[in-house]
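Please look over the sequence and the structure before reading on.

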Amino acid sequence: MHFRTLYLKQCLYSSIISAQQWQASYLVAQWLRLFAFVSFGSKLSSFLFMWTYPQTFDVIVIGAGHAGIEASAAAARLGCDTLLLTQNLDTIGQMSCNPAIGGLAKGHMVREIDALGGMMAENCDATGIQFRMLNANKGPSVRAPRAQCDKKAYQFRMKALLEATPHLRLMQGNVAKLLVTPEGVEGIVTNLGLTIRGRSLVVTTGTFMRGLLHVGQQNQSGGRMGDAVSTLSDNLRELGFEIGRFKTGTPCRLNGRSIDFSRCERQDGDAPPPLFSYEEDDFDAVDQPFTLNRRADGVFHVEQIPCWITYTNEKTHEIIRANLGLSPMYSGKIEGVGPRYCPSIEDKVVRFAEKPQHQLFLEPEGRQTAEIYVNGLSTSLPFEVQYAFIRSVPGLEKAEILRPGYAVEYDYCPPTQLDQTLQTRLVPGLFFAGQINGTSGYEEAAAQGLIAGANAALRILGKPPFILQRSEAYVGVLIDDLVTKGTQEPYRMFTSRAEFRLLLRQDNADLRLTPKAFAAGLARAGAWHRVTARGAEIREVKELATSIRYQGARLDQWLKRPEFSVDQLPTDLAGRFSRSVWDQVETDFKYEGYIRRQEDAITKAARAESKTIPSSMNYGDVFGLRAEAFQKFSKIRPGTLGQAGRISGITPADIALLSIYLEKV
């Protein structure tokens, strides 16, 4: 259906809405209903005549997964009347796959979300059941926190926090259509005929758009086992958006009482537990429901639960290889592209045939459940095959499957249709965030949600957009990669994607981002004061280190040596400042030369980023530009010369021609 036809129908619809607001609305509406039926038929008349919710919202967020949560919370923090609309209020913040937060690069983003005023980090700390620092013995740029969470406590606590958030309203509903005009969005229509008007929309539909679940040769519609599907992508296609198809999967869940853990390797959490949030306020279960841990007088209290490690073997692999024909991936039933960096066990056995075993992590899903998540065993093989190969693994010989593993195909919108604020270029006021943009993972979704929600609100408030550069945050790297390069498979963040990763460490996210978030209205005043005080402490310690001597040399010289660490400082000196401050100072001194080199590179890159490209640019006017460059520039519409240079397939010669043209106009 053409955009103009949709617009004409919505013009009539708007007239009806206006008529319904007057005392004589009923009679007028009935005459208009008759006119619509005679002119357009029963199908359109039923579409046009729907009850309209009496409140117009500043921001409507569609979907209450991790992206929707952060989007709605960010818009509400900025003072906008916000509606969070979800298919099921009981699954807000549900962890559809692994009940864990963080990991390599992902942990960096969670700390950045916290520094920006987001909710994920603090909720993870309150409901975590195991905390670890990954790569603790490696360089500071690749160290990352990870936490196993209580799946239900995380979900229910997050819902309680959202229900108590000012300017935020929750509602259950399945969105069928977006209401748009040439000027932008106007609202949504649910599958029950309810119309809700909004000035900005953020779509965070996850894997639910035309979701199709696969277990062996059996399939059924749904975005998650047990949940309904969304048909919103049909409407997006009508509006002119490009739609693609991706696939992801999840492993089976086991009954922990049926597992012989004595045959597995035990993996305990770290002590003290590495937390995600920079927040220092006390919390406990008395003040906040579903809170498992507590913080009192600056001390964090948690009872950690172990995870376990076991391995597949040749027998496991034989069972899988013998049944590959029953896999929907290998039989051609699945059309969507799957994640390269999180392969199914079928893919592992085929692609890495030389490996005699694959590591599996047995991770508890909560403190009050025996359900165990088998990390590393994502599969869509038939139930009976899953049953057979599970019982070939040491420790799982008598394991009972509570939920089978399955694959899910879903629609997504290639993210090159967005600008750096995550607003669509096709429809003003419409923003996309999360897996609809082709990403995978809770953390990537939450990061996008926060940025999209913030910009949806700032647009309404008439304020400048909130954009993070690649040199400022992993969140900036994520969004720039998506809107500039797009993605041909579910996108996952890695530290290797960030060229300035030594500056984008997980231990300095608050110093990097909280001042900017506070200026935009996203972070609280308390967070800004805390960061200001921490920055002052770091400067004080650096001055102290350059002025005092320790064993015949200045302290800063000791801290630069690879064999020396703050653990070797005298107790009275180390006790004068917190360990986090000492660690920050040690890193800055030890990697001073590398840090300065990256700062110089950022300065050079900033010159290209400062050269803006008009949104109305006609690239056909650039003399000598290659056809490929013309097509990609016209499609992606880069906002700066720097972004143009990062587009795949663009050469230095293309950038030189574009730069010369921009200097002339």
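The sections below treat the cysteines, then the cores, then the helix.

The model is predicted, and it holds zero disulfides. A disulfide is a covalent bond between the sulfur atoms of two cysteines. In this model, the sulfur of C97 lies 6.6 Å from the closest cysteine sulfur, that of C342, which is too far for a bond because a disulfide requires the two sulfur atoms to be within 2.5 Å. C307 is likewise in no disulfide, with the nearest cysteine sulfur, in C149, 11 Å away.

In soluble globular proteins, nonpolar side chains tend to be buried together. Here the largest nonpolar core has 104 residues, and I101, L178 and L236 have the most contacts inside it. Helix α12, residues 442-461, supplies the largest share of this core, with 12 residues. Leaving aside residues up to four places away in sequence, I101 touches several residues, including M95, V110, C149, F276 and Y442. Another core, of 23 residues, lies apart from the largest one; among its members are I259, L324, V374 and L377.

Helix α12 has 20 residues and reaches 28 Å from its first C-alpha to its last, close to the 28 Å expected at 1.5 Å a residue. Because 18 of its 20 residues are buried, α12 is largely enclosed by the rest of the structure. After α12 comes G462, whose phi is positive, near 70 degrees.

Terms used
Residues are numbered from 1 along each chain as its sequence is written. This is a predicted model: local features need pLDDT of at least 70, side-chain atom pairs count only at pLDDT 80 or more; totals for chains, interfaces and linings use all residues. Side-chain values use heavy atoms; hydrogens and water are left out. A nonpolar core is a set of buried Ala, Val, Leu, Ile, Met, Phe, Trp, Tyr and Cys residues joined through side-chain atoms within 4.5 Å. Buried means under 20% relative accessible area, exposed over 50%, partly exposed in between (1.4 Å probe, protein chains only). Helices (H or I, at least four residues) and strands (E, at least two) are DSSP runs, numbered from the N terminus. Contact means heavy atoms within 4.5 Å. The expected span of a helix is 1.5 Å times one less than its number of residues.
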